[in-house]
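Trainee: I am new to this structure. Could we go through it together?

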Amino acid sequence: MTIAHDFAYLHPVTMPDALAMLSGHEGAMLLAGGTDLVPWLRDDAITPEVVIDIKDVPGLTGIEIDGGTLRIGALTTFSDLIASTAAHRAVPMLVEAAHTVASVGVRNRATLVGNVCSAVPSCDAGPALLAYEAVMDVIGPAGVRSIPILDWFLGPRRQALGKGEIVTSVSIPILERHGACYVKLSRYRGEDLAQVGVAVVALPGRQYRVAYGAVGPVPFRAPAIEAYLAGKDLDAETLAGLPTLIGAAISPIDDVRASKEYRTHMSRVMLERGLAAAAARLEGGGPPYGESVI
Amino acid sequence: MKHTIEMKVNGEAWVIDVSPAESLLEVLREKVGVKSPKIGCERGDCGSCTILYDGKTIRACLALGVEADGHEVTTLEGIGHDGLTTLQEKMVEMSSFQCGFCAPGVVLSAHELLQHEPHPTAGQVQEAISGNLCRCTGYDSIVDAVLEAARIGPRAVS
């Protein structure tokens, strides 16, 4: 099926040109990996008059550690992330999440930043970046600014990027010592979107960060669950208190991929397993990153 | 508005006029005339349009033709310069496919894996082809052939 809606294709090779094109064309869409954009164009879900391909804009590539921060350029694909030793070292759970995104042929093209810019509720990068407290580095007509990922997701397919703005990179504060786990439920490995996604970070002192995807209109952190778990052993008594808190935090829907009841049930199972794996990894044990715990 | 793009397809230079709304898959099949990338789901799910793009597998249905300006595409037609590759020979011998619709994509995904990982585990093969849907075989006959090709190595078969 051909894309029915005609549009102009612009291909800036400098950032000032890219910003001018974006500001000059109302409703223009940015194109990086295109793995969301192209199907949306084909479905007429979006009908921009202008598509701006930013793949040759300089300054948007690379994965670097700068002091205590890992900076991931906006054009970094999931395959780039998986191949990066710096990413494995600094954010192993983000790499674990990257491994669950579709399959190689999509990961070779799809970008981490594109994944959160598309802001689909089931995006795998969302919970992982929320748990790592990433910051989106943005450039726009008014200059540069930073948007914490905690303020990023506004609704299904809606994020905090302002008019005329482009994400240049994601910056992640490197945790000195942590264990973490991304747990994804999907119908099969390869291509499927998450039915539930859970990201857990375990920090010394029995502190935990918990983020969910695909069980609400946006990926979100669960502060009530985190506060409840703080300082506690992950024993049967502690875990018994989770279902009520999970029920209050999530708002899953029934759809073609899973029922509300199944998502609710698995939200508990996956959190328990994610917590156990993250806590074990913090102590240098547990399943290796990338090994599914469900 | 038409754009004139220059791209290499299977080692041959092409200069083609494309409109932005044409996918790379459409450009390859209809303008270049290579038919191994198949039109399946056209939303990135099935993997039947898999091509090598600057040496890496991508879905041709998820790229615009106009993006390929200055890039290099290799399709199934372009990987076996001297007949079939070892991988393909093993797939033929071991009856890896039935209808064959998914075969070009599967071959390219496995080919990419063997380039990076000459001695993969069964799990690595499964992950590499997990984005290529096959409705005939149940995949075992494909995985077996990839492992056998890896065991023999690329030079053992002329």
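Predicted model: local features only at pLDDT ≥ 70, side-chain atom pairs only at ≥ 80, totals over all residues.

Trainee: Which residues of H6(B) are buried?

Mentor: They are B:Ile142, B:Val143, B:Ala145, B:Val146, B:Ala149 and B:Ala150. Viewed down the axis of H6(B), these buried residues fall within an arc of 165 degrees, so they line one face of the helix.

Trainee: And what does the face turned away from the buried side of H6(B) carry?

Mentor: That face carries the exposed residues B:Asp140 and B:Arg151.

Trainee: How many residues does H6(B) have, and what span does it reach?

Mentor: H6(B) comprises residues 140-152, which is 13 residues. From its first C-alpha to its last it reaches 18 Å, close to the 18 Å expected at 1.5 Å a residue.

Trainee: What follows H6(B)?

Mentor: B:Gly153 follows H6(B), and its phi is positive, near 90 degrees.

Trainee: What about A:Ala214? Where is it found?

Mentor: A:Ala214 sits in the loop between strand S13 (207-213) and strand S14 (220-221) of chain A. The phi of A:Ala214 is near 70 degrees, again a positive value in a residue other than glycine.

Trainee: Is A:Ala214 buried or exposed?

Mentor: A:Ala214 counts as buried, because it has 29 C-beta neighbours inside 10 Å. Leaving aside neighbours within four places in sequence, A:Ala214 is in contact with A:Pro121, A:Ser122, A:Ala194, A:Gln195, A:Val196 and A:Gly197.

Trainee: What separates the C-alpha atoms of A:Ala214 and A:Ser251?

Mentor: The two C-alpha atoms are separated by 9.1 Å, while the residues are 37 apart along the chain.

Trainee: Let us turn to the strands of chain A. In which sense do S1 and S3 pair, parallel or antiparallel?

Mentor: Strand S1 (residues 8-10) and strand S3 (residues 50-53) of chain A pair in the parallel sense, over three bridges. Here A:Leu10 stands opposite A:Ile52 in S3(A). Strand S2 (residues 29-31) of chain A also pairs with S3(A) in the parallel sense over three bridges, and A:Leu30 stands opposite A:Ile52.

Trainee: How does the chain cross from S2(A) to S3(A)?

Mentor: The chain passes through helix H2 (residues 37-42) of chain A, and this β-α-β crossover is right-handed.

Trainee: Finally, how many residues of chain A are in contact with chain B?

Mentor: In chain A, 25 residues are in contact with 25 residues of chain B. S1, H2, S3 and helix H6 (104-107) of chain A each supply at least two residues of the side that touches chain B. The residues on that side of chain A divide into 11 nonpolar, eight polar and six charged.

Technical notes. Residues numbered from 1 in each chain as written. Chains lettered and ligands numbered in written order. Pairing = 2+ DSSP bridges. Helix = DSSP H or I, 4+ residues; strand = E, 2+ residues; numbered from the N terminus. Right-handed = clockwise from strand over helix to strand, strands pointing away. Contact = placed C-beta atoms within 7 Å. Nonpolar A, V, L, I, M, F, W, Y, C, P; charged D, E, K, R; others polar. Expected span 1.5 Å × (residues − 1). Buried ≥ 20, exposed ≤ 12 C-beta atoms within 10 Å, placed from the backbone. Arc of directions from axis to C-beta.
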